[in-house]
Amino acid sequence: MDETTSYPPIEPSNFDLIVIGTGLSESIIASAASAAGKSVLHLDPNSFYGTHSASLPLNDFISFLETQSKSESEPPLQNSGDYKYVPLVTRSLYSTLEINSYSSEPSENSRKFNLDLVGARVLLCADSMIDLILKTGINQYMEFKSVDANFVSDAKGKLESVPDSRSAIFKNRSLSLTEKNQLMKFFKLVQAHFGNGSEDDKISEQDLESPFVEFLTKMGLTQKLKSIILYSIVLADNDQENLEVCKDVINTKSGINRLALYHSSIGRFPNANGAIIYPIYGQGELPQAFCRRAAVKGCIYVLRMPLIAVLIDKDGGIYRGVKLVSGQELFSPQLILAPSFATPSTLPPVQVAKAHDLSLSDAKDKVARGICITKKSVNKEVANCLVFFPPRSLYPEQITSVRVLQLSGNVAVCPSGMFVTYLSAICDNAVEGKKLLNAAIYALFSMPVSGESNDGTDVLHEYTEEKPCLLWSALYIQELTVFHRAFDSISFSPMPDEHLHYSDLLDATQKLFQEIYPNDEFFATNLSDEHLDDGGSELDP
């Protein structure tokens with residue numbers, strides 16, 4: 001039997017928009033376009049939703065990373081009478097995958113894991129992604145759970161609670177009375193700046209434009225408090241103290257905006273304990289929820305459907321449609337491709353879409369990601385928590401922050417009695433990235449086999465409380481360069497970024513939608529959508 005007979009024909013053959021890949025960005029755009037009345041076809045060559053934003057069983061997680069670590073190109077196709085077939089290249093977005101298995105138990109329970117490709121990742125209760133979830137009503141398709149606690153590591157490897165609120169400050173045992181008063185005073189200063197008081201309560205424009213770390217110093221905060229605010233609340237990536245090498249200096253205006261967002265997240269939902277929540281069953285639930293909403297609005301979905309070429313008009317070089325592995329040709333004026341696709345470099349380039357920030361297009365940074373599986377929590381009092389390793393807390397040359405997210409079976413990402421811990425850090429190269437993650441792993445966990453780290457790094461910590469023993473771990477490097485040159489009418493969705501939150505990814509996605517459809521509102525509020533949202537204040541975290 002011919003292989004193509006296993007692929008059903010897709011009807012109709014003409015659409016306003018064809019989207020390839022069901023990652024979060026692609027799914028949001030498909031949902032927004034469907035809500036705007038566009039006819040949308042959403043395809044994915046994989047057998048699951050989510051693409052690079054998916055949550056997968058352990059063995060499937062490994063297989064996906066191994067497959068996506070290879071660059072492949074389709075063989076040249078014979079052109080038809082009207083169109084030139086342009087084969088697509090699959091880019092390698094992951095590299096240096098390193099897996100260590102110390103027990104057979106995780107792999108034996110592979111189907112009981114839901115491992116995020118984008119970890120570590122959480123949602124702040126007041127951020128723009130939560131606002132969009134409520135606006136679109138997809139919260140009816142998801143459940144959330146609070147992250148129990150946040151910890152920050154000191155130079156000795158000891159984890160201390162992050163004093164991120166008034167009650168947390170009073171309960172904190174690692175701060176002196178003077179430091180507690182300083183932190184309370186600073187939080188009140190920021191609150192007054194955003195209040196309705198007089199101009200005397202506002203932070204000056206000069207201070208707002210200055211580096212945030214300089215403003216914190218000006219306010220008399222100790223080094224310890226500055227580190228907590230910068231890396232555990234404001235979520236800075238790079239060493240803000242070293243302005244000469246810092247790639248992303250946060251100014252005071254941005255810093256206090258992030259601080260205010262964090263504080264407004266605390267208590268937004270009555271059933272959320274703190275500022276941060278996580279979706280039960282993993283981050284892959286987000287793209288699936290947007291796909292469900294798009295389907296309600298008429299979007300057509302087909303999984304396991306590879307795309308082998310785009311159709312280009314022979315005369316004008318204009319994009320016309322796509323050719324599927326089944327041989328069927330489908331047509332649309334607009335095409336969005338997942339970031340793992342690229343067009344051959346031999347094609348004449350055209351200008352990158354204006355919505356694509358050139359700083360992202362030319363980015364050289366990478367994200368080092370890691371996953372560890374254990375049977376004990378890094379803190380015996382909590383099941384789900386965040387841990388921050390600020391610059392220089394792991395070793396003197398550390399210039400970027402390492403974020404760690406531990407999750408338990410009560411969020412349905414692993415078997416009961418186990419814990420999944422995600423680690424992530426921005427880096428210049430694989431050697432630096434793995435050095436960062438290995439240092440954090442050695443600070444948090446004990447190794448079943450003694451020996452130094454793979455890169456020869458000696459990491460010594462004086463804090464020797466019994467640590468969880470590793471059952472399984474994986475380290476890999478993810479590329480951040482996601483925007484490519486393409487034909488007009490072909491766009492590439494953004495790759496999941498290095499951040500702990502989704503705000504920047506959502507901003508890039510909205511800009512891409514608005515460039516394609518400048519006259520349509522991004523998720524306009526319609527009366528017919530009101531039944532999707534039962535009031536807008538309860539998220540069921």
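**Exercise 1: Helix H4**

Determine which residues of helix H4 (residues 128–136) are buried, and what covers them.

*Solution.* The model is a predicted one, in which local features need pLDDT of at least 70 and side-chain atom pairs count only at pLDDT 80 or more, whereas totals for chains, interfaces and linings use all residues. Residues are numbered from 1 along each chain as its sequence is written, and side-chain values use heavy atoms, with hydrogens and water left out.

Step 1. Helices (H or I, at least four residues) and strands (E, at least two) are DSSP runs, numbered from the N terminus. Buried means under 20% relative accessible area, exposed over 50%, and partly exposed in between, with a 1.4 Å probe and protein chains only. On this basis the buried residues of H4 are Met129, Ile130, Leu132, Ile133, Leu134 and Thr136.

Step 2. Contact means heavy atoms within 4.5 Å. The cover over the buried residues of H4 includes helix H1 (24–35), strand S9 (123–124), strand S10 (144–146), strand S13 (276–279), helix H11 (285–296) and helix H14 (503–516).

Step 3. Turning to the two ends, a side-chain oxygen of Asp127 reaches to within 3.2 Å of the backbone nitrogen of Met129 at the start of H4, while the residue that follows H4 is Gly137, whose phi is positive, near 80°.

**Exercise 2: The aromatic cluster**

Find which residues form one aromatic cluster with Phe48, and describe the geometry of the pair that Phe48 and Phe64 form.

*Solution.* Step 1. Rings of Phe, Tyr and Trp (its six-membered ring) pair if their centres lie within 6.5 Å; planes under 30 degrees apart count as stacked, over 60 as edge-to-face and the rest as tilted. A search of the whole structure finds twelve aromatic pairs.

Step 1. One of them is formed by Phe48 and Phe64, edge-to-face, at 5.8 Å centre to centre and with 70° between the planes. Phe48 lies in the loop between strand S2 (40–44) and strand S3 (55–56) and Phe64 in helix H2 (residues 58–68), so the pair ties together parts that are 16 residues apart in sequence. Phe64 is buried, with a relative accessible area of 5%.

Step 2. Phe61 and Tyr476 also form an edge-to-face pair, with 6.0 Å centre to centre and 70° between the planes. This pair links distant parts of the chain, as Phe61 is in helix H2 and Tyr476 in strand S24 (residues 470–479), 415 residues apart. Both Phe61 and Tyr476 are buried.

Step 3. Phe48, Phe61, Phe64, Tyr94 and Tyr476 form one aromatic cluster.

**Exercise 3: Strand S1 and its partner**

Work out which way the side chains of strand S1 (residues 17–20) point, and whether S1 and S2 pair in the parallel or antiparallel sense.

*Solution.* Step 1. Leu17 and Val19 point one way from S1, Ile18 and Ile20 point the other way, and all are buried. In a regular strand the side chains alternate between the two faces of the sheet.

Step 1. The pairing of S1 and S2 is parallel, over four bridges, and Ile18 stands opposite Leu41 in S2.

**Exercise 4: Ser491**

Decide whether Ser491 is buried or exposed, and list its contacts beyond four places in sequence.

*Solution.* Step 1. Ser491 lies in strand S25 (residues 490–492) and is buried, with a relative accessible area of 8%.

Step 1. Leaving aside neighbours within four places in sequence, Ser491 is in contact with Leu335, Ile336, Leu337, Leu512 and Ile516.

How values were computed:
Polar contact = N/O pair within 3.5 Å; in protein donor to acceptor, adjacent residues only side chain to side chain. Pairing = 2+ DSSP bridges.
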